[in-house]
Structure formats: C-alpha cells, structure tokens
Amino acid sequence: MGLFSFLTQELAIDLGTANTIILYNEKIVVDQPSIVAIDQSTGKMIAIGEQARAMHGKTHENIKTIRPLRDGVIADFNAAEQMIRGMISLINTKNPVFTPSLRMVIGIPSGSTEVEIRAVRDSAEHAGGRDVYLIYEPMAAALGIGLDVMAPEGSMVVDIGGGTTEIAVIALGGIVCNKSVRIAGDGFTADIQAYMRQQHNVKIGERTAEDIKINVGSALPDLENPPADYIVRGPNLMTALPIEVPVSYQEISYCLDKSLSKIESAIFNVLEQTPPELYADIVQKGIYLAGGGALLRGLDKRLSEKVNIPFHVAEDPLHAVARGTSIAIKNLSFPFLMR
Ligand SMILES: Nc1ncnc2c1ncn2[C@@H]1O[C@H](COP(=O)(O)OP(=O)(O)OP(=O)(O)O)[C@@H](O)[C@H]1O
C-alpha cells in the first residue's frame, strides 16, 4: 500500500439497468435499484434506490422517477450522473476529514458502442471519478464467479441482467467471442405484463409483474419444487372493477418461452463461433449462468437439455459482476481493463 493510498478511494461499481452495486474494500456497501426520483420544478434528485423505487408508478406531475439505464446502457445522462453521485454518497466512509480522489472500475455491456462507453466514462468522471477503468460485464462476471480468466482454456459465461444478456467465451485474459442481446429481466417483466393483459384482462404495473416473475417465474412448465400460485390484484380492463387472479408458474413459463428461445439462439450463435479447442474445454467444464435472470426457476435445467452442455448457476448470481469488478480494481494490470 502506498504512503498516500488513503487519499484514493477505490470503488468497484456494477452500474446495472436494474441494480447498482458498489464494493469498497471487497465489501458490498451499496446494493440498490438503479432508479432516482427527481423534483420536476428544481431538477434536483429527491430520492434514490429503494426509496425512489417505492415511488415508481405512484408519482404526481411534480415528481418523476427515472431509471437512467435502458438495455444496459445510459439512456438519461443527467439522471445517470445524479444517480452515480447519489449512490457514492450512500457509502458510509470513516474518513470525513479528506475528500479522497476516486478510482473506479465499472462494468459495461460487451455490446456497448463507443458513444455508450463514453457516456459511462463521462458520467463517472462528472460524479467525481478521477481514475476510471471499464471492464466488460461478462469478463467481470467470470472473475466474480472465480474462473481463471487468464488460463489457456475456455470459459463460457451467460449473464442475464435487467437490460441485456451477455454471452461470452473467455480465454487468456480476453473475450474470444461474444454476443450481447437486449432481452433479459426487463423483457421478461414486459412479457408478463402483456400476458396478464391479454390472457386475464388485468392491467398490472412493472413492479407487480416483477413480483410475479420472482414468485412464480419459471423457464420450465414442469418443476420438481413448484411454487404456489401467486395472487394478482388489479383492475379488469373491461369493467375497471378490481379482480383477483391466481397465476401459476406453468403460465409464466409459457409466457416467457419466446424470450428464452431468443436467448437460446444467441447461446448457439456464440457456440458456433467458438474455436474447437475452447469448445472442448467448455463442454467439459460447463457454462456458467450469472445475473438476476439466472435465478429463474428451471433455467439451468432447460438450457442444459437444449444445449446438451451442463449449465451451472453462479453461487451469488446477482453480485457476480460486482465481485468481479472488485477483483479487477486490485489488479489494475489486467489486460482487459480499459482506461
Ligand atoms: N428470483 C428471480 N427470478 C427471476 N428474475 C430475477 C430474480 N431476482 C432478480 N431477478 C431479475 O434480475 C434482473 C436484475 O439482474 P441484475 O442485477 O443482474 O441486472 P443488472 O446488472 O441491473 O442489469 P444489466 O446487467 O442488464 O445492466 C431484474 O430484471 C430482476 O427482476
């Protein structure tokens, strides 16, 4: 540790479409939904994370809730900057005398364009980042899962987040082939909203649809440990009268089928591009699932059966990318870090 290292605060950040996670000294210090509430008259942020999420869908004209990221990338630059600043201020540092200079490692989707990468870097710098490094999310996920990304052998990761599904084959400290598709948790939630409207004539918001996904979400119509039906309450689209609808996991597996098939196609696509020596390693080791989408019931089984290669769900899939960025910040000589 250098003499003045206390003047630099190292933050590992997973700036996700759904959740923002910050690690400081290898500990999770912020884990909040990526959402802010803005006072429309002053333009100031009045709530962030859980507090802002509680307001989502319930605001009046003076308050606007904003999710600054869409499909894994910054969609609202100003809100993103306010959110990064706000999330950093949630960290309880024990060093109030100094304002340390911030070194950050931030995960970005592997399919990001130059402009999208620039937007993340600029937001981080405007929010106080002096030394900003970027890392592609699947590489961070692989590190976070504990895979040896520098080894001369292939590892394959499928990271299903809120906005994007990142699929990558990694070897010798680099991404050999990859695909990033904009179908992930948010898309599943939208599928459930559309299904409830069409099938049950009930209008539900994003939060209720997400609750359905978490409570009875399934990738298979036949589960070994099935969850009980989930009761949904909402207005009937025809009569506007309140109704109650029990929703089963079989229904949800049916409604998510199309989106899951698209993710499967993307996985096949990456496997097709994979050089044969690496392919052999992957068949032997299996494919690792990370991101919140990995928690969908039966997903590992469905994919293992379809692809004929074992799929393993990472130990803590929601935090794999964040943990990987935290490992990266301690090894800034990693060849895959971008400055
Ligand atoms: N138990 C669960 N079952 C299914 N989906 C879940 C579960 N828990 C969380 N999710 C979903 O996981 C998604 C969030 O995952 P994650 O935090 O990995 O994404 P992110 O990093 O914010 O997004 P991205 O990487 O696309 O920017 C959300 O869509 C959330 O609804």
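Select V247, which sits in strand β15, residues 242-247. The model is predicted. Is V247 buried or exposed? V247 has 22 other C-beta atoms within 10 Å, and 20 or more count as buried, so V247 is buried.

Now show the residues in contact with V247. Leaving aside neighbours within four places in sequence, these are I212, V216, D229, Y230, V232 and I252. Pick I212 from that set: I212 is 35 residues from V247 along the chain, yet their C-alpha atoms are separated by 7.9 Å.

Select helix α7 (residues 249-273) together with helix α5 (residues 185-200). Their axes lie 9 Å apart and the helices pack at an angle of about 125°, so α5 and α7 are oblique to each other. The crossing is right-handed. To see the contact itself, display the side chains of G187, F188, D191, I192 and Y195 on α5, and of I252, C255, L256 and S259 on α7. By type, the residues of this contact divide into 6 nonpolar, 2 polar and 1 charged.

Finally, centre the view on the ligand. How many residues surround the ligand? There are 24, and the closest are G16, A18, G161, G185 and G292. Colour α5 and α6 (206-216), the elements that give two or more residues to this shell. The largest share, 3 residues, comes from α6. Colouring the shell by type gives 13 polar, 6 nonpolar and 5 charged residues.

How values were computed. Residues numbered from 1 in each chain as written. Predicted model: local features only at pLDDT ≥ 70, side-chain atom pairs only at ≥ 80, totals over all residues. Axes fitted to C-alpha atoms, helices over the stretch in contact; angles between N-to-C directions. Helix = DSSP H or I, 4+ residues; strand = E, 2+ residues; numbered from the N terminus. Parallel < 35°, antiparallel > 145°, perpendicular 65-115°, else oblique. Left-handed = near helix turned anticlockwise from the far one by under 90°. Contact = placed C-beta atoms within 7 Å. Nonpolar A, V, L, I, M, F, W, Y, C, P; charged D, E, K, R; others polar. Near = placed C-beta within 6 Å. Buried ≥ 20, exposed ≤ 12 C-beta atoms within 10 Å, placed from the backbone.
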